[in-house]
Amino acid sequence: MMKRRMILCVLVICGISKTLAKICQKPEVVASAYVTEDATILTNVAFTTQFLLKCSNGVKGITLYAEVDGKSLPAARLSSDNKYQVSWTEDAKKARSGDYNIKLFDEERYSAIRKAVRNGEDPSSVKPLAVVVLNNPGVYLGPWVNSELLAVLLATLIAYSAFSTKFKLLA
């Protein structure tokens with residue numbers, strides 16, 4: 001009986017220590033980003049950010065989730081040294097310029113968000129693990145006047161002036 005209690009106690013302590021070891025303490029994020037800037041022939045703008053997550057307690061390989069403007073996204077782990085990537089697309093006409101805040105959550109915090117949504121509570125009360133800021137300088141949608149339209153207008157103007165000059169000379 002005493003052995004069973006001892007074994008159970010050891011298993012509980014091991015489980016708690018393993019759970020605590022997977023929690024990232026004092027996270028630091030070093031990020032780089034890419035945004036499609038020329039959308040003259042595209043319908044969607046791609047947003048991609050890669051970041052390195054450094055934890056003060058040296059935790060590696062944790063599962064991360066991201067939230068951007070209310071959309072939940074998975075953070076893909078790129079390597080075992082805590083390098084991650086978050087990507088998404090938006091319609092080129094709806095993509096706004098400026099800063100996008102990418103909130104990062106570990107499994108525990110992401111579960112808390114899902115629980116808050118399920119219970120009808122405010123999910124913004126859950127503090128993110130870290131926030132990555134992605135800056136979109138704006139998307140070029142093309143010139144205001146297409147070159148084809150400009151060529152047609154110039155050809156029409158030249159033809160009109162040529163015919164009006166011809167008629168003035170013949171009259």
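What share of the contacts between residues at least 6 apart in sequence join residues at least 24 apart in the protein chain? The share is 66%. Keep in mind that this is a predicted model. The points below take up the chain as a whole, then its disulfide, then its aromatic rings.

1. **Overall layout.** The protein chain has 3 helices and 7 strands. Follow them along the sequence and the pattern reads α-β-β-β-β-β-β-α-β-α.

2. The protein chain has 171 residues, and 26% of them count as buried. Its accessible surface comes to about 12200 Å². Carbon and sulfur atoms account for 60% of that surface.

3. **The disulfide.** The structure holds 1 disulfide. In general, such a link is a covalent bond between the sulfur atoms of two cysteines. Here the partners are Cys24 and Cys55, with their sulfur atoms 1.9 Å apart. Cys24 lies in the loop between α1 (2-21) and β1 (28-35), and Cys55 in the loop between β2 and β3 (64-68), so the bond ties together parts that are 31 residues apart in sequence.

4. **Its handedness and setting.** Look along the S-S bond of Cys24 and Cys55. The torsion there is about -110°, so this disulfide is left-handed. Are the two cysteines, Cys24 and Cys55, buried or exposed? Both are buried.

5. **Aromatic pairs.** The count of aromatic pairs comes to 5. One of them joins Phe51 and Tyr84: the ring centres are 5.7 Å apart and the planes meet at 20°, so the pair is stacked. The cut-off matters here, because planes must be under 30 degrees apart to count as stacked. Two quantities describe any such pair: the distance of the centres and the angle of the planes.

6. **Where that pair sits.** Phe51 belongs to strand β2 (residues 44-54). Tyr84 belongs to strand β5 (residues 83-91).

7. **A cluster with a charge.** Which residues form one aromatic cluster? They are Phe47, Trp88 and Tyr100. The charged end of Arg96 sits over the Tyr100 ring, 4.0 Å from the ring's centre.

Conventions:
Residues are numbered from 1 along each chain as its sequence is written. This is a predicted model: local features need pLDDT of at least 70, side-chain atom pairs count only at pLDDT 80 or more; totals for chains, interfaces and linings use all residues. Side-chain values use heavy atoms; hydrogens and water are left out. Rings of Phe, Tyr and Trp (its six-membered ring) pair if their centres lie within 6.5 Å; planes under 30 degrees apart count as stacked, over 60 as edge-to-face and the rest as tilted. Helices (H or I, at least four residues) and strands (E, at least two) are DSSP runs, numbered from the N terminus. A charge sits over a ring if NZ of Lys or CZ of Arg is within 6 Å of the ring centre and within 35 degrees of the ring normal. A disulfide is a pair of cysteine sulfur atoms within 2.5 Å. Buried means under 20% relative accessible area, exposed over 50%, partly exposed in between (1.4 Å probe, protein chains only). Contact means heavy atoms within 4.5 Å. Accessible areas come from the Shrake-Rupley method with a 1.4 Å probe; for residues, only the protein chains shown count as cover.
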